[in-house]
Amino acid sequence: MESFGSFMAKHEKDMFELLRILVDMRTGTDNKTGIDAMAAFLAAYLSARGLRTHIVEQKDAGNILMADFPCAQDAPRRILLSGHMDTVFPEDSPFDRLTVEGDIAHGPGTCDMKGGLVVGIFAMLALLEQGFGSAMPLRFLFSPDEEKSSRTMRACLKEQAARAAFALVFEMAGPEGELVRTRKAKVAFAARIRGRAGHAAFITRGKVSALRDAARKIELLEAMNTDNVTGEDSLSVNVGRLEGGVAFNVVPEEALLEVEARCNSLRMRDEVEAKMRGILLTPQVEGTETVIEREVFNPPLEAAATEALYALAGEAAQEIGQSVGEDFRPGCSEASFLAQEGIPVLDGLGPRGGCDHSTREYLLLSSLAERAHLSALLLKKAWERGVSGPWRPVS
């Protein structure tokens with residue numbers, strides 16, 4: 001029986017070929033056709049290699065894919081791997097192909113997170129080759145809409161976490177291979193402001209301008225930012241979108257304002273939510289009214305949830321001559337939703353790369369095999385040591 005390292009060395013070309021196929025598929029979050037095609041491809045790819053696959057069809061988003069070891073489907077408790085198929089790039093983006101320069105691969109989703117899918121898949125295949133398919137209840141959950149706050153996946157993540165002993169998430173690693181220990185919470189609102197239209201030439205005072213009200217709200221919201229970017233009480237607030245008005249000679253009757261905030265704890269998230277809601281719903285121009293049309297809340301990933309698996313990952317890395325450090329990341333991932341359900345979680349097991357959410361996105365090809373080796377060994381250790389969270393019977 002070959003070692004995990006030998007398995008990865010033998011399959012490096014296969015890992016690259018799978019990466020190329022996945023990256024060349026257009027899977028922006030709103031491209032249901034593209035995501036469904038990827039789910040179908042991966043289902044066939046994994047089924048041919050001995051995994052049991054199941055596609056959960058969805059009407060308003062891309063389909064969900066689950067891939068199991070043979071023993072996992074009927075197990076009372078499972079080990080959960082998680083990754084997302086979608087990217088931030090729309091269907092018509094010119095950034096739509098994998099290109100390679102030496103050890104660097106550029107392309108949409110290379111590190112966020114199609115490279116992470118490749119890492120998780122080959123860690124799973126290495127374990128299967130060593131006979132764990134009949135003993136380790138391992139499930140890989142492929143999500144379709146993480147880049148838009150897992151809008152349709154939240155119920156699925158909650159359901160899967162209820163039967164999970166622990167979870168690994170394959171978002172990209174830090175630049176030196178760091179693993180993600182914490183993530184910030186997110187609070188986001190889309191607010192519609194309504195004023196009163198009129199001919200701009202005849203109104204100089206008392207304008208009930210939706211845009212003027214929005215501008216004042218923006219100043220109040222942006223003033224919530226703290227000076228420090230990191231730290232327990234750090235807070236980032238950003239008004240990322242403002243739309244309104246119809247012409248320069250018409251008092252704006254309507255405006256749409258979209259804002260988000262990132263903070264470090266549930267306590268702080270509740271406080272920030274209340275303050276933002278108060279700013280948005282309080283008229284800053286007399287006569288205007290505001291309605292909150294959409295709100296998004298992502299929980300934080302706190303260090304306590306990652307402690308046990310992070311310690312084991314350090315042990316595994318040392319055994320194979322790798323090193324891992326701690327990454328504290330402001331961006332969100334599905335690790336936070338899983339941790340919220342009370343199970344041990346570790347994030348950042350994907351490849352090393354960077355510049356995600358931009359046309360400069362890249363990954364280091366050599367890190368695919370490195371991270372798959374680490375992930376397979378971590379899974380083996382965590383399974384053998386019995387790492388698990390509080391068990392709740394499934395009704």
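**Note on a helix pair and the aromatic pairs**

1. Helix α2, which covers residues 12-24, and helix α3, which covers residues 32-47, have axes that come within 11 Å of each other and cross at roughly 155°. The model discussed here is a predicted one, and the points below should be read with that in mind.

2. Angles over 145 degrees count as roughly antiparallel, and α2 and α3 are therefore roughly antiparallel to each other. As for its hand, the crossing of α2 and α3 is right-handed.

3. Where the two helices touch, α2 contributes D14, L18, I21 and L22, and these residues meet M38, F41, L42 and Y45 of α3.

4. Turning to the aromatic side chains, the structure holds five aromatic pairs. In the pair formed by F189 and F297, the ring centres are 6.1 Å apart and the planes stand at 85°, so this pair is edge-to-face.

5. Is F189 buried or exposed? With a relative accessible area of 3%, F189 is buried, because a residue under 20% relative accessible area counts as such.

6. Elsewhere among the aromatic residues, F140, F142 and F170 are linked into a cluster by ring pairs.

Methods
Residues are numbered from 1 along each chain as its sequence is written. This is a predicted model: local features need pLDDT of at least 70, side-chain atom pairs count only at pLDDT 80 or more; totals for chains, interfaces and linings use all residues. Side-chain values use heavy atoms; hydrogens and water are left out. Axes are lines fitted to C-alpha atoms, for helices over the stretch in contact, and angles run from 0 to 180 degrees between N-to-C directions. Helices (H or I, at least four residues) and strands (E, at least two) are DSSP runs, numbered from the N terminus. Angles under 35 degrees count as roughly parallel, over 145 as roughly antiparallel, 65 to 115 as roughly perpendicular and the rest as oblique. A crossing is left-handed if the near helix is turned anticlockwise from the far one by less than a right angle, and right-handed if clockwise. Contact means heavy atoms within 4.5 Å. Rings of Phe, Tyr and Trp (its six-membered ring) pair if their centres lie within 6.5 Å; planes under 30 degrees apart count as stacked, over 60 as edge-to-face and the rest as tilted. Buried means under 20% relative accessible area, exposed over 50%, partly exposed in between (1.4 Å probe, protein chains only).
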